[in-house]
Every structure is written in structure tokens, then in C-alpha cells.
Amino acid sequence: MQTEFILYDVADNIATITLNRPEAANAQNMPLLDDLDEAWCRAADDPDVKVIVLQANGKHFSSGHDLKAGDPSQPAKFTLAGIIATESKRYLEYSLRWRNVPKPSIAAVQGVCIAGGLLLCWPCDLIVAAENAKFSDPVVAMGIGGVEYHGHTWELGPRLAKEILFTGRAITADEAKKVGMVSRVVPVDDLHAEARKLAAEIATKHPFALRQAKRAVNQTLDVQGFYAAIQSVFDVHQTGHGHALSEGGYPILINLEDMKKEVAKT
Ligand code: ZN
């Protein structure tokens with residue numbers, strides 16, 4: 001499978017899904033996300049696939065949602081109902097589906113991983129980060145309280161979650177490892193090889209036991225409230241869009257040029 005923005009390959013029981021929009025720092029437009037979901041589903045359904053690696057071509061893992069792209073299935077005029085329809089499918093349900101694919105998954109992250117970028121790596125079971133990886137969610141600057149899929153508190157703990165949301169600052173790979181969000185930090189040139197090595201090691205294990213191990217951890221998080229919290233914070237997020245719409249008729253509070261400057265700071 002190869003689409004305009006996604007490469008998909010299976011070898012040695014490992015499915016490798018590659019974001020392939022490097023000229024735009026792998027900004028996520030709707031076709032990229034739809035193709036990415038198709039690749040995940042393909043890997044989930046293929047009995048030859050035991051482990052899934054999600055990686056990205058270019059300097060950066062993902063600069064987040066491509067806010068210039070819009071959604072061709074929605075009318076040009078923004079409505080809260082339209083925003084919720086688009087975002088619940090692509091920014092909530094996709095991430096939850098990828099999280100629950102009953103096979104181990106590994107994200108390999110280099111460069112920036114901004115806002116919507118987190119929605120691609122957080123659902124993976126393990127994250128291998130390059131030394132230059134930086135993770136941020138600067139959307140408070142746009143009048144929104146955090147991206148759609150609220151992994152922040154679960155991944156970082158409440159204080160660091162609040163700090164990065166309040167300040168918009170990026171956390172480094174080492175800092176992310178310290179709090180357990182990242183599994184390993186490796187030199188950028190070794191990133192894909194190291195992710196693959198880890199995948200190959202896991203692929204030697206019994207697939208059903210791996211499935212059950214993953215379910216044990218995810219189910220524990222769900223019993224602690226992960227699923228319910230993700231759903232309810234998605235609605236909190238939508239009040240941000242509703243507020244911005246009521247203030248300025250646009251889903252976020254600042255214009256795209258200001259936003260680019262904000263992102264460049266991270
Ligand atoms: Zn949103």
C-alpha cells in the first residue's frame with residue numbers, strides 16, 4: 001500500500017507505517033489521516049503482522065493538524081456540529097482505535113511532535129524517541145485547552161501536563177523518558193533501526209500473549225477512567241472551538257500566521 005502521504009510495508013512480521021509528507025513536516029490533512037487509519041486497520045487485520053512500527057520521513061515526526069487544509073466533506077462555513085463531526089472521527093476515534101489494535105505498536109519520533117502529532121504517537125504502546133525529539137501542545141495560544149485526545153495527564157502526570165499546557169513549552173526526549181512517556185532515547189541516525197530492532201525482539205514472542213499483555217495494561221487504564229476521561233475532555237476541547245466561533249467565527253482564536261510563529265517557538 002502506498003498513498004500520497006502514507007507508505008506501508010510488511011517484512012519479517014513487522015508492519016511499518018511511514019508518514020510521508022516531509023515537505024510539510026508531516027502536517028496532518030484529512031487524506032493523510034484517512035490513509036493512516038487504513039494502514040493501521042490493514043496491519044491489525046493481517047495475520048502475518050505481529051508488531052506495528054509508526055515512523056515518519058523527514059526532519060520532523062509531525063507538526064500537527066494542517067489547519068489550512070479543512071475538511072472537504074464539511075461545508076465551508078464553520079459550525080460547532082461540523083467541527084465535532086470531523087474531529088470525533090479523525091482526532092478521537094482514530095486515535096482510540098489505533099490504541100486498541102490488539103498488537104504491540106511502536107512510534108519512532110524525531111524532531112518536532114506538535115499538538116496533533118501527539119495523537120499519532122500517544123496511541124502507540126511504546127515510543128522510541130530521537131535525541132532531538134520535542135513534544136509540545138501549544139494550543140492554549142489559540143484559545144483551546146489542549147488537543148482533542150487528552151493523553152497529557154495520563155502520559156505526563158498532572159503537574160507537568162498543566163505546565164506544558166499553560167506555557168506551551170516543548171518537553172525534550174530525555175524529559176519525556178524521565179516521566180515514562182518515552183521508552184528509549186536514541187541518536188537520530190539510529191532511530192528507525194532501533195525501533196525496528198525493538199519490534200523484531202517483540203515479534204519473537206507469542207502473539208496471543210502479547211495481545212493479552214496489551215489488553216491487561218489498557219484495561220487497567222480504562223478501569224482507572226482513561227476511556228471516560230478521554231471522552232469527556234474531548235467535549236471540553238469542543239467548548240474551546242465553540243468559544244472561538246462565538247468570538248470570531250473561526251474555530252481557533254488567532255490567525256494562522258500568529259499560530260505559525262507560536263509553533264516555531266517550540
Ligand atoms: Zn479541535
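Visitor: Which strands form a hairpin, and how many residues lie between them?

Guide: In this predicted model, E1 and E2 form a hairpin with 2 residues between them, where strands are DSSP runs of E with at least two residues, helices are runs of H or I with at least four residues, and both are numbered from the N terminus. Asp 12 in the turn has a positive phi of about 55 degrees. Strands of a sheet pair through backbone hydrogen bonds, either parallel or antiparallel. Two strands count as paired if DSSP finds at least two bridges between them, and here E1 and E2 run antiparallel and are joined by 6 bridges. One example is Asp 9, whose bridge partner in E2 is Thr 16.

Visitor: Before I go further, how are the residues numbered, and what pLDDT do local features need?

Guide: Residues are numbered from 1 along each chain as its sequence is written, and because this is a predicted model, local features need pLDDT of at least 70 and side-chain atom pairs count only at pLDDT 80 or more, although totals for chains, interfaces and linings use all residues. Side-chain values use heavy atoms, with hydrogens and water left out.

Visitor: In what order do the 6 strands of the open sheet stand?

Guide: The order is E1-E2-E3-E4-E6-E9, and the pairing is mixed. Strand E1 (6–11) and strand E9 (184–186) are the edge strands, each of which pairs on one side only. On average, neighbouring strands of this sheet are turned by 20 degrees against each other, direction ignored; the axes behind such angles are lines fitted to C-alpha atoms, for helices over the stretch in contact, and angles run from 0 to 180 degrees between N-to-C directions. Within the sheet, strand E4 (residues 105–109) and strand E6 (residues 126–130) run parallel and are joined by 4 bridges, and Ile 106 has Leu 126 as its bridge partner in E6.

Visitor: Which strands does helix H1 lie across?

Guide: Helix H1 (residues 30–45) lies across E1, strand E2 (14–19), strand E3 (51–56) and E4, and it runs at about 10 degrees to E1.

Visitor: What is the order of the open sheet of 3 strands?

Guide: That sheet has the order E5-E7-E8, again with mixed pairing, and its edge strands are E5 and strand E8 (171–172), each pairing on one side only. Strand E7 (residues 134–136) pairs with E8 in the antiparallel sense over 2 bridges, and the bridge partner of Phe 135 in E8 is Ile 171.

Visitor: How many residues does the largest nonpolar core have, and which have the most contacts inside it?

Guide: A nonpolar core is a set of buried Ala, Val, Leu, Ile, Met, Phe, Trp, Tyr and Cys residues joined through side-chain atoms within 4.5 Å, and buried means under 20% relative accessible area, exposed over 50%, and partly exposed in between, using a 1.4 Å probe and protein chains only. The largest core has 57 residues, and those with the most contacts inside it are Leu 36 and Phe 135. H1 gives the largest share of this core, 7 residues. A second, separate core of 15 residues includes Ile 106, Val 128, Ala 130 and Ala 203.

Visitor: Where does Phe 5 lie, and is Phe 5 buried or exposed?

Guide: Phe 5 lies in the segment before E1 and is buried, with a relative accessible area of 8%. Contact means heavy atoms within 4.5 Å, and, leaving aside its neighbours within four places in sequence, Phe 5 is in contact with Thr 18, Leu 19, Asn 20, Arg 21, Asn 29, Pro 31 and Leu 32. The C-alpha atoms of Phe 5 and Pro 22, which stand 17 residues apart along the chain, are separated by 9.0 Å.

Visitor: Where are Asn 26 and Ala 115 found?

Guide: Asn 26 lies in the loop between E2 and H1, has a positive phi near 55 degrees although it is a residue other than glycine, and is buried, with a relative accessible area of 0%. Ala 115 is found in the loop between strand E5 (112–114) and helix H3 (118–121); Ala 115 is not a glycine either, yet has a positive phi of about 45 degrees, and at 10% relative accessibility Ala 115 counts as buried.

Visitor: How many helices and strands are there in the protein chain?

Guide: The protein chain has 10 helices and 9 strands. Of its 266 residues, 48% count as buried.
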